[in-house]
Amino acid sequence: MAAWGRLSLYCHEKLEPVFRRKPGTYPGIVMTDRYAVIGNPIEQSKSPLIHTAFARVTGQDIDYGKLLGPLGGFAQAVDAFRAAGGRGMNVTAPFKLDAFAYATDLAPSAQMAGAVNAMKFEGDRVYAENFDGVGLVRDVVHNLAFPVRGKRVLVLGAGGATRGALLPLLAEQPAELVIVNRTVAKAEEMADLARQHQSGSVPVRGVSYTDLGAQSFDVVFNATSASLTAQLPPLTASAFAPGCLAYELAYGKGLTPFLNLAQQAGVTHLADGVGMLAEQAAEAFLWWRGVRPDTKDVIRQLTVPLG
Ligand code: NDP
């Protein structure tokens with residue numbers, strides 16, 4: 001190609017988009033900080049909507065996108081994002097363990113959860129956090145105004161979400177924390193982990209659904225993935241004490257079989273995980289940008305009525 005042709009192509013490809021930018025956003029003068037959520041699949045993710053709304057209300061200049069991570073290719077995808085100037089990422093299924101392995105500096109929340117849901121990139125350091133647990137507790141205690149202190153708490157399921165929620169829940173000093181799981185060994189293991197790491201002395205037990213008998217609780221969290229396939233864990237209505245809160249960690253599913261069971265048992269405090277989702281995002285935003293956004297509008301926008 002003749003020299004003038006190359007110059008013209010350069011002007012078209014490189015300079016024209018620059019000239020079309022808003023004043024003050026020229027490369028090298030003010031860079032918009034880039035963030036993304038990585039997962040596979042990723043289409044369903046609400047994180048770009050949430051973080052874009054947070055950026056708007058806090059006046060932060062960020063660009064937040066979705067990244068479809070190739071299965072088996074997490075590290076390469078994150079390397080490329082960092083090389084292109086990416087400042088931080090949220091991590092969703094199935095990459096939370098890959099992110100744990102990729103991080104150079106794991107916060108205690110990530111270590112305890114054994115998984116990472118947010119990363120911050122600074123030079124060659126990859127700082128990693130897990131905000132799911134604090135997001136859950138903030139939603140319950142702050143948004144729903146339902147204190148956990150002194151309450152009998154039951155958590156259904158012993159997967160990643162439960163593991164991340166253990167220490168934030170125990171920090172609220174409930175009267176007791178019972179973890180029930182289909183595979184009881186996992187519940188027992190998780191109870192051991194919680195006993196070892198908690199700073200207080202809350203009684204923690206890992207049990208089977210049969211062991212639960214007729215015991216009742218003031219807060220019941222469904223942290224199983226049963227609702228994602230419209231299934232009900234083998235729980236009986238006797239688990240719900242009068243005045244209790246039934247909290248479904250899954251979100252956007254309306255009245256799940258778990259919430260339906262609670263409602264049939266007369267429970268009036270019903271919630272799903274939309275507030276948890278918004279609150280964990282707000283924690284990440286605060287960590288990245290130093291400003292905590294209000295979550296009310298985002299929660300209102302994403303709420304699917306519970307029946
Ligand atoms: P995991 O896959 O790590 O764990 C799933 C758990 O569910 C296991 O304990 C499993 O038991 C149990 N389980 C699955 N099906 C059934 C069933 N039919 N009956 C009884 N138990 C069952 O999932 P996560 O911990 O990552 O996620 C759990 C839930 O939390 C999901 O609904 C997820 O969407 C939600 N979540 C919500 C978030 C939010 O921001 N709102 C954030 C993270 C998660 P077993 O061990 O016996 O297989």
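Colleague: What do the buried residues of α8 pack against?

Modeller: They pack against α7, β8 (176–180) and β9 (204–207). Two residues are in contact if their C-beta atoms, placed from the backbone, lie within 7 Å. Helices (H or I, at least four residues) and strands (E, at least two) are DSSP runs, numbered from the N terminus. This is a predicted model, where local features need pLDDT of at least 70, side-chain atom pairs count only at pLDDT 80 or more, and totals for chains, interfaces and linings use all residues. Residues are numbered from 1 along each chain as its sequence is written.

Colleague: Which residues in α8 are called buried?

Modeller: A187, M190, A191 and A194. Buried means 20 or more other C-beta atoms lie within 10 Å of the residue's own, exposed means 12 or fewer, and partly exposed is in between, with C-beta atoms placed from the backbone.

Colleague: Why do you say that the buried residues of α8 line one face?

Modeller: Look down the axis of α8: the buried residues fall within an arc of 105°, so they line one face of the helix. The arc is that of the directions from the helix axis to the C-beta atoms. On the other side of α8, A185, D192 and Q196 are exposed.

Colleague: How do you know the span of α8 is close to the expected one?

Modeller: The expected span is 1.5 Å times one less than the number of residues. Helix α8 (residues 184–197) has 14 residues and reaches 20 Å from first C-alpha to last, close to the 20 Å expected.
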